Amino acid sequence: MSQVEFRQVDVFTSKPFKGNPVAVVMDARELNSRQMQVIARWTNLSETTFVLPATDPNADYQLRIFTPGGELPFAGHPTIGSAYALIEAGIVQAKNGTLVQQCKAGLISLAVSENEQGQIAIAFELPEPNFTLLTSEQTESLETILGCQISRGFTPYLVDVGARWIVAQTDDAEQVLNTTPDYAALKQHDLSFNATGVCLYGYYPESELTRIEVRSFAPTCDVNEDPVCGSGNGAVAAFIRRHNLSLPIDGKIQSTQGQKLHRDGQLQLTITSDAIWVGGQAVTCVSGYLTY
């Protein structure tokens with residue numbers, strides 16, 4: 001029997017059990033792809049990551065990311081959670097506040113900062129998104145499956161950032177929270193688009209465009225609803241920029257996610273003409289070893 005160091009990190013929260021957990025296998029050099037998939041099914045989390053030495057000289061480490069159903073080229077909360085685990089364990093150190101992750105989507109830049117209380121915040125730069133506009137018929141079908149009204153002034157897009165999210169806006173945050181999708185129909189819908197899932201978002205009316213509520217549905221990945229989703233929020237930010245929606249002067253939007261799953265995810269989206277950054281905090285909840 002062999003052992004490998006393992007951590008479970010709660011992401012987009014500073015409070016244990018209130019964010020989105022990711023399982024991190026800290027040294028996966030002895031594991032093959034089949035074993036990685038078996039472990040990911042066993043943890044039954046939305047994602048499990050496997051840390052490997054970088055093969056690109058510009059990267060600090062390499063990451064493979066698995067859902068219970070398959071491998072992803074990129075995902076947000078696993079990126080932040082894995083970086084946090086590696087920093088905490090002393091395996092990597094930020095250079096001038098920066099780390100570079102290698103994954104199947106390419107090289108991902110990470111900004112690492114620390115507040116006065118010593119709490120670490122990590123943000124990733126979203127990979128360059130690609131957009132596919134949904135037709136009016138596709139929008140109507142999506143609206144029926146989600147069971148909520150989609151804002152027709154801002155047509156939904158399939159936003160490909162490695163993970164492929166269909167993004168749609170509702171009238172407000174309350175509609176987002178009151179939505180109950182038909183998950184079986186949504187799975188077939190998303191398979192037809194080769195989509196990871198659907199991200200639905202809406203603004204809090206009193207926030208003056210600075211605060212949104214997001215929900216991310218991914219039944220194709222055997223995860224009906226992701227508690228707090230980094231790539232999904234990044235896709236929402238890309239959607240906002242694509243539609244030229246009004247932004248705060250500093251380009252920062254506070255996103256909350258997970259209320260329907262009794263979580264309290266907190267994300268900061270920074271949107272500029274040159275880049276989109278998705279950031280938040282993390283905390284380790286489990287530390288030990290996997291035996292295989």
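**Close-up 1. Buried residues of helix α5 in the predicted model.** Leu186, His189, Asp190 and Phe193 are the buried residues of α5, a helix that spans residues 183–193. Viewed down the axis of α5, these buried residues fall within an arc of 95°, so they line one face of the helix. An α-helix has 3.6 residues a turn, so residues three or four places apart point the same way. The structure shown is a predicted model.

Close-up 2. Ala184, Gln188 and Ser192 are exposed, and they sit on the face of α5 turned away from its buried side. The buried residues of α5 are covered by elements including the helix α3 (136–146). Also among them are the strands β10 (157–160), β11 (164–169), β12 (197–203) and β13 (211–218).

**Close-up 3. The ends of α5.** At the N-terminal end, α5 is capped by Asp182, with a side-chain oxygen 3.3 Å from the backbone nitrogen of Ala184. After α5 comes Asn194, which has a positive phi, near 55°.

**Close-up 4. The cavity.** One cavity of 30 Å³ or more is found in a search of the whole structure. The largest cavity holds about 120 Å³ of space. It is lined by 19 residues, of which Glu47, Leu72, Trp165, Thr196 and Asp226 are the closest to its centre. Two or more lining residues come from each of α2 (76–88), β14 (223–226) and α6 (230–242). The most come from α2, which gives three residues. By type, the lining of the largest cavity comprises 10 nonpolar, seven polar and two charged residues.

Key: Residues are numbered from 1 along each chain as its sequence is written. This is a predicted model: local features need pLDDT of at least 70, side-chain atom pairs count only at pLDDT 80 or more; totals for chains, interfaces and linings use all residues. Side-chain values use heavy atoms; hydrogens and water are left out. Buried means under 20% relative accessible area, exposed over 50%, partly exposed in between (1.4 Å probe, protein chains only). Helices (H or I, at least four residues) and strands (E, at least two) are DSSP runs, numbered from the N terminus. The arc is that of the directions from the helix axis to the C-beta atoms. Contact means heavy atoms within 4.5 Å. A polar contact is a pair of N or O atoms within 3.5 Å; within protein, one must be able to donate a hydrogen and the other to accept it, and residues adjacent in sequence count only if both atoms are side-chain atoms. On a 1 Å grid over the protein atoms alone, a cavity is a set of points where a 1.4 Å probe fits but cannot get out, and a pocket is an open set with protein on both sides within 12 Å along at least five of seven lines; lining residues have an atom within 4 Å of a point. Grid points are joined across faces, edges and corners, and a volume is the space filled by probe spheres set on the points. Ala, Val, Leu, Ile, Met, Phe, Trp, Tyr, Cys and Pro count as nonpolar, Asp, Glu, Lys and Arg as charged, and the others, Gly among them, as polar.
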